[in-house]
Amino acid sequence: MTETPKGRSSKTPKAGADTGAGGDAGPDGRMFVLAGSVLIMAAGAGGLMMRRRTVSRG
């Protein structure tokens, strides 16, 4: 039991719900965020390269 600021006590449940399998579950959201970030950066770099080439030609 822990004391709350108002003097009431709270109990932590003994058998809570499982929140995940940790590292054994496979790829998680971080992999999708990383892959999306790489794609966005590649698209930005490609856009800058295309812009540079069209300006220098004409």
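Two exercises with worked solutions on a predicted model follow.

Residues are numbered from 1 along each chain as its sequence is written. In this predicted model, local features need pLDDT of at least 70, side-chain atom pairs count only at pLDDT 80 or more, totals for chains, interfaces and linings use all residues, and side-chain values use heavy atoms, with hydrogens and water left out.

**Exercise 1.** Work out the order of helix and strands, and state where confidence is lowest and highest.

Solution. 
- Helices (H or I, at least four residues) and strands (E, at least two) are DSSP runs, numbered from the N terminus.
- There are one helix and two strands, in the order β-β-α.
- The mean pLDDT (the predictor's confidence in each residue, from 0 to 100) is 75, and 50% of the residues score at least 70.
- Strand β1 (residues 2-3) has the lowest confidence, a mean of 56, while α1 has the highest, 86.
- Where pLDDT is low, the predicted coordinates should not be read in detail.
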